[in-house]
Each structure stands twice: as C-alpha cells, then as structure tokens.
Amino acid sequence: MNVTISPLTIDLHDAVIGLWQQCEGVGLSEADSLEGIESYLERNPGMSFVATIDGAVVGALLAGHDGRRGYIHHLGVHPDHRRKGLGRLLVERCLAVLGAAGIRKCHLFIFNDNEGGIAFWKSLGWTHRSDIRVASRMIESGAKGGP
Ligand SMILES: CC(C)(COP(=O)(O)OP(=O)(O)OC[C@H]1O[C@@H](n2cnc3c(N)ncnc32)[C@H](O)[C@@H]1OP(=O)(O)O)[C@@H](O)C(=O)NCCC(=O)NCCS
C-alpha cells in the first residue's frame, strides 16, 4: 500500500467532502462549503492533511489553532481503508505541525454515539473530558455590534 500524506489544499474540496460524506460520525455543515474551507485553510495553512493512495483521497483531517489551543474538526478514513493506520498517521502529522507552532494542547469534538471514533481517540492517548459540556449558538450574518 503506497500511502501519501500531504497538506489538504482547496482543489481537493470536492474529493474531501465526498469522502467525509461516506464517514459516519463526521458532521458536515455550512462551514464546510468551498468558501468556508478555503477561508479556514487560509487562516490555518499546512495544518490539515489528506491521505492518498494512487492519487485517490482515502483519508482527510481538518485542523487548525486559535493561537492558544489546537482543534481537530473532522477526521475520516474511507471505509475500505480503515484499520491500516491512516487515521493515526493523519493525526500524528497534524499534531507535529501544531506542536511546531507552539500549541501544547489540542481539542476535538466527537458525537456521544460514535463508539468506533471514541475507541480510536482513546487508543491514541486522548483523554475524554467529562468535566466539560460543549455549547453552541448560531450568529446571524450582518448582526450589528454596538456599544
Ligand atoms: C475513526 C477513524 C478515523 C479511524 O481511522 P483508521 O485509519 O481506521 O484508524 P487507525 O487504523 O489509525 O487505528 C488506530 C487504532 O485506533 C483503534 N481503532 C480504530 N478504529 C477503531 C474502531 N472502529 N473500534 C475500536 N478501535 C479502533 C485501534 O486501536 C487501532 O489500532 P489497531 O488497528 O492496530 O487495533 C475511522 O474509523 C473513520 O473515519 N470513522 C468514521 C469517522 C469518524 O468517526 N471520525 C472521528 C470522529 S472525530
């Protein structure tokens, strides 16, 4: 198996979205549009990666940092290529780049019912946080700030 790990570039958007759509447990949203991913990659260059075999995208990880903590937003490996170490390789590359940027802790979000995903992260040494609850809300576009 000849696997290449390389930076996720915007020309791969269609291939990567197509892959993530085949990965149960990857929650896609409007933030994953072409414009959304392009903007994210511009803010976080060289921190997201794809795994390719003979030019075909079989794994993809979206990650970056806010200057304080790292965040892995999506990770998916094609069902035909799982349990071959690709997920681990993608995460290792990402953490190496985040570490080189001075980031000392990385977070990720995972659905409670994603047993395979939870087992994967645990096997890589990630700690489940039962002391934290994630809260979110939408922001209207064009919302006015004010004094
Ligand atoms: C989770 C996922 C990315 C793992 O990718 P992968 O390439 O199969 O993972 P690896 O081969 O690198 O696995 C490394 C180790 O993780 C553990 N692991 C991986 N998948 C597992 C599963 N489904 N059940 C239990 N343990 C698992 C194993 O210990 C494995 O080592 P081993 O194969 O030597 O036993 C892949 O299953 C996937 O895309 N799932 C759907 C999307 C998803 O859940 N993404 C994560 C949510 S953020």
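## Val 58 and strand β3

Val 58 is placed in strand β3; strands (E, at least two residues) and helices (H or I, at least four residues) are DSSP runs, numbered from the N terminus. The model is predicted, so local features need pLDDT of at least 70 and side-chain atom pairs count only at pLDDT 80 or more, while totals for chains, interfaces and linings use all residues. Residues are numbered from 1 along each chain as its sequence is written, and side-chain values use heavy atoms, with hydrogens and water left out.

With a relative accessible area of 5%, Val 58 is buried. Buried means under 20% relative accessible area, exposed means over 50%, and partly exposed is in between, with a 1.4 Å probe and protein chains only. Not counting residues up to four places away in sequence, Val 58 touches Leu 19, Ala 51, Thr 52, Ile 53, Gly 76, Val 77, His 78, His 81 and Leu 86; contact means heavy atoms within 4.5 Å. Val 58 and Val 3 are 55 residues apart in sequence, and their C-alpha atoms are 9.2 Å apart in space.

## His 78 in the β4-α3 loop

His 78, one of the residues touched by Val 58, belongs to the loop between β4 and α3. His 78 is buried at a relative accessible area of 17%. Beyond four places in sequence, His 78 touches Leu 19, Gln 22 and Val 58.

## Helix α3

Helix α3 runs over residues 86-100. At 1.5 Å a residue its 15 residues should span 21 Å, and the end C-alpha atoms are 21 Å apart, which agrees; the expected span is 1.5 Å times one less than the number of residues. The buried residues of α3 are Leu 86, Gly 87, Leu 90, Val 91, Cys 94 and Leu 98. They cover an arc of only 130° around the axis, which puts them on the same side of α3. The arc is that of the directions from the helix axis to the C-beta atoms. An α-helix has 3.6 residues a turn, so residues three or four places apart point the same way.

These buried residues pack against β1 (3-7), β2 (49-53), β3 (56-65), β4 (70-77), β5 (106-108) and α4 (115-123). After α3 comes Gly 102, whose phi is positive, near 90°.

## The ligand shell

The ligand is surrounded by 20 residues, and the closest are Leu 75, Val 77, Arg 83, Gly 87 and Asn 114; a residue counts as near the ligand if one of its heavy atoms lies within 4 Å. Polar backbone atoms of Val 77 and Gly 87 each lie 2.8 Å from a ligand oxygen atom. For Asn 114, a polar side-chain atom is 2.7 Å from an oxygen atom of the ligand.

Taken alone, the ligand exposes 900 Å², of which the protein buries 78%. Accessible areas come from the Shrake-Rupley method with a 1.4 Å probe, and for residues only the protein chains shown count as cover. Two or more residues of the shell come from each of β4, α3 and α4, with the largest share, five residues, from α4.

## Loops and positive phi

Ser 48, in the loop between α2 and β2, counts as buried at 2% relative accessibility. Its side chain reaches the backbone nitrogen of Ala 63 at 2.9 Å. Leaving aside neighbours within four places in sequence, the contacts of Ser 48 include Ser 6, Pro 7, Tyr 40 and Leu 61.

Most residues other than glycine have a negative phi. Asp 54, in the loop between β2 and β3, has a positive phi near 50° and is exposed, with a relative accessible area of 74%. Arg 83, in the loop between β4 and α3, has a positive phi near 60° and is exposed at 85%.

## Leu 34 in helix α2

Leu 34 lies in α2 (residues 34-43) and is partly exposed, with a relative accessible area of 40%. Its contacts, leaving aside neighbours within four places in sequence, are with Ile 10 and His 13. From Leu 34 to Ile 10 the C-alpha distance is 7.6 Å, across 24 residues in sequence.

Conventions
A polar contact is a pair of N or O atoms within 3.5 Å; within protein, one must be able to donate a hydrogen and the other to accept it, and residues adjacent in sequence count only if both atoms are side-chain atoms.
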